[in-house]
Amino acid sequence: MLICISLFLLLTETKAQEFSSRVWHKGWLVTLDGDTLRGELKYDMETNTVQVLDPSQKVNTLNSKRILYFEFFDSILKNYRQFYAIPYEVRTDFRAPILFEVLYEGPTTLLCREKIVMEAEAYSQGYYYSGAMPMHEQLALTYYFAFRTGEIVQYSGKKADLFMILDLHGDQVKEYIRKNRLSVSEVRDLIRIVAFYNSL
């Protein structure tokens, strides 16, 4: 099983306002046709596209409909990361491949999508002097659970929803979370929970 404990462990990129999706990383991409493109990669999960800068400095832009998977060494977080283009119901009765990062792979797989959002700095001193709420960019994460049936379920971050998703061994999962004092919204704890669930 692949265990990919990735960018979200420390979230250090928010400090310097450097986000992994805005820089190039060394890696490779495999297309649906089976071609492998190697070079510098830059991804955008909001548009579901990946740019590949090859050794000749030519930029190839591919959308998720043409991608099987890609992986790279994150030059900011110093971690290997792996992404797949997986069919997902983006609207009622309409499925399309979109990009997901694989955080933990097994019978039940933990996936993630990210986007950069603007958030208010509620306790900034500037607010009291200017009356304007200062804003800063923040990485927002959405987690998903994927099953062998092909079903992908978005996770709200709430404990009750987690127990509904992992309902096959609900009581054991609850006890494991309680005993180990795990958070149901922190990625490192979610990985532990999914690994435990898969072991049952």
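Leaving aside its neighbours within four places in sequence, Leu110 is in contact (heavy atoms within 4.5 Å) with Glu101, Val102, Leu103, Tyr104, Tyr143, Tyr144, Phe145, Leu190, Ile191 and Val194. This is a predicted model, in which local features need pLDDT of at least 70 and side-chain atom pairs count only at pLDDT 80 or more, while totals for chains, interfaces and linings use all residues. Residues are numbered from 1 along each chain as its sequence is written, and side-chain values use heavy atoms, with hydrogens and water left out.

Leu110 belongs to the largest nonpolar core, where, of 22 residues, Leu110, Tyr143, Phe145, Tyr155, Leu162 and Ile177 touch the most other members. A nonpolar core is here a set of buried Ala, Val, Leu, Ile, Met, Phe, Trp, Tyr and Cys residues joined through side-chain atoms within 4.5 Å, and buried means under 20% relative accessible area, exposed over 50%, and partly exposed in between (1.4 Å probe, protein chains only). Two or more residues each are given to this core by strand 7 (94-104), strand 8 (108-120), strand 9 (135-147), helix 2, helix 3 and helix 4, and the largest share, 6 residues, comes from helix 4. A second, separate core of 13 residues includes Val50, Val52, Leu62 and Ala85.

The strands, like the helices, are DSSP runs numbered from the N terminus (strands E, at least two residues; helices H or I, at least four). An open sheet of 10 strands has the order 4-3-2-1-5-6-7-8-9-10, with antiparallel pairing, where two strands pair if DSSP finds at least two bridges between them. Strand 4 (59-63) and strand 10 (152-155) stand at the edges with a single partner strand each, so one side of each is left without a neighbour in the sheet.

Within this sheet, strand 7 is largely enclosed by the rest of the structure, because 8 of its 11 residues are buried. Strand 6 (residues 79-91) runs antiparallel to strand 7 and is joined to it by 8 bridges, with Ala96 as the bridge partner of Tyr88. In their hairpin, which has 2 residues between the strands, Asp93 takes a positive phi near 65 degrees. Strand 7 pairs with strand 8 in the antiparallel sense over 3 bridges, and Glu101 has Cys112 as its bridge partner in strand 8.

In helix 3 (residues 170-180), the buried residues are Gly170, Val173, Tyr176 and Ile177. They lie on the same side of helix 3 because they cover an arc of only 125 degrees around the axis, taken from the directions from the helix axis to the C-beta atoms. These buried residues pack against helix 2 (159-165) and helix 4 (187-199), whereas Asp171, Arg178 and Lys179 are exposed on the other side.
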